[in-house]
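Student: Could we go through this model together, asking at each step what a term rests on? I would like every label set against its definition.

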Amino acid sequence: MRQAILILSGVCVFAVAAAVMVAIMPSPLKDTDYLVIGSIATLVALLVMFLALLATRLKSPDPFFKKRKKKR
């Protein structure tokens, strides 16, 4: 269930970011403009999903580093 919510939210963020970029870009739009819009929307969606995962699932104080057990 959580994965489905995460996927749906990522798709929604992508759609909103793409719609905003289409509205911002001056017309007429070329093929390269659509490529840039898709790339930026993908970057924004992945960034939001990454930050959502950090905020919800990874509750440790430093999620990127794990301490190793000392060998004796």
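Tutor: Gladly, and let's begin with contact, which means heavy atoms within 4.5 Å. The model is predicted, with local features needing pLDDT of at least 70 and side-chain atom pairs pLDDT 80 or more, while totals for chains, interfaces and linings use all residues. Residues are numbered from 1 along each chain as its sequence is written, and side-chain values use heavy atoms, leaving out hydrogens and water.

Student: Which residues is Ile 37 in contact with, leaving aside its neighbours within four places in sequence?

Tutor: Ile 37 meets that definition with Ala 18, Met 21, Val 22, Met 25 and Leu 29. Met 25, for its part, touches Asp 33 and Ile 37 when residues up to four places away are not counted.

Student: Why is Met 25 called partly exposed?

Tutor: Buried means under 20% relative accessible area, exposed means over 50%, and partly exposed is in between (1.4 Å probe, protein chains only). Met 25 has 21%, so partly exposed is its class. It lies in the loop between H1 and H2.

Student: What makes Ile 7 exposed? And what is Val 36?

Tutor: Ile 7, in helix H1, has a relative accessible area of 52%, so it is exposed. Val 36, in helix H2, has 38% and is therefore partly exposed.

Student: What makes a stretch a helix?

Tutor: Helices are DSSP runs of H or I with at least four residues, numbered from the N terminus. H1 covers residues 2–24 and H2 residues 31–56.

Student: How are the two helices placed against each other?

Tutor: In general, two packed helices are described by the angle between their axes and the distance between the axes. Here the angle is about 145° and the axes are 8 Å apart. Axes are lines fitted to C-alpha atoms over the stretch in contact, and angles run from 0 to 180 degrees between N-to-C directions. The contact involves several residues of each helix, including Leu 6, Gly 10 and Val 13 of H1 and Ile 40, Val 44 and Val 48 of H2. These contact residues divide into 15 nonpolar, 3 polar and no charged.

Student: Which residues make up the largest nonpolar core?

Tutor: A nonpolar core is a set of buried Ala, Val, Leu, Ile, Met, Phe, Trp, Tyr and Cys residues joined through side-chain atoms within 4.5 Å. The largest has 5 residues: Ala 17, Ala 18, Met 21, Ile 37 and Ala 41. H1 gives the largest share, 3 residues. The buried residues of H1 also include Leu 6 and Gly 10, and those of H2 include Asp 33, Ala 45 and Leu 54.

Student: Where is the cis peptide bond?

Tutor: It joins Ser 27 and Pro 28, with omega about 0°. Pro 28 is in the loop between H1 and H2. Most peptide bonds are trans.

Notes
Nonpolar A, V, L, I, M, F, W, Y, C, P; charged D, E, K, R; others polar.
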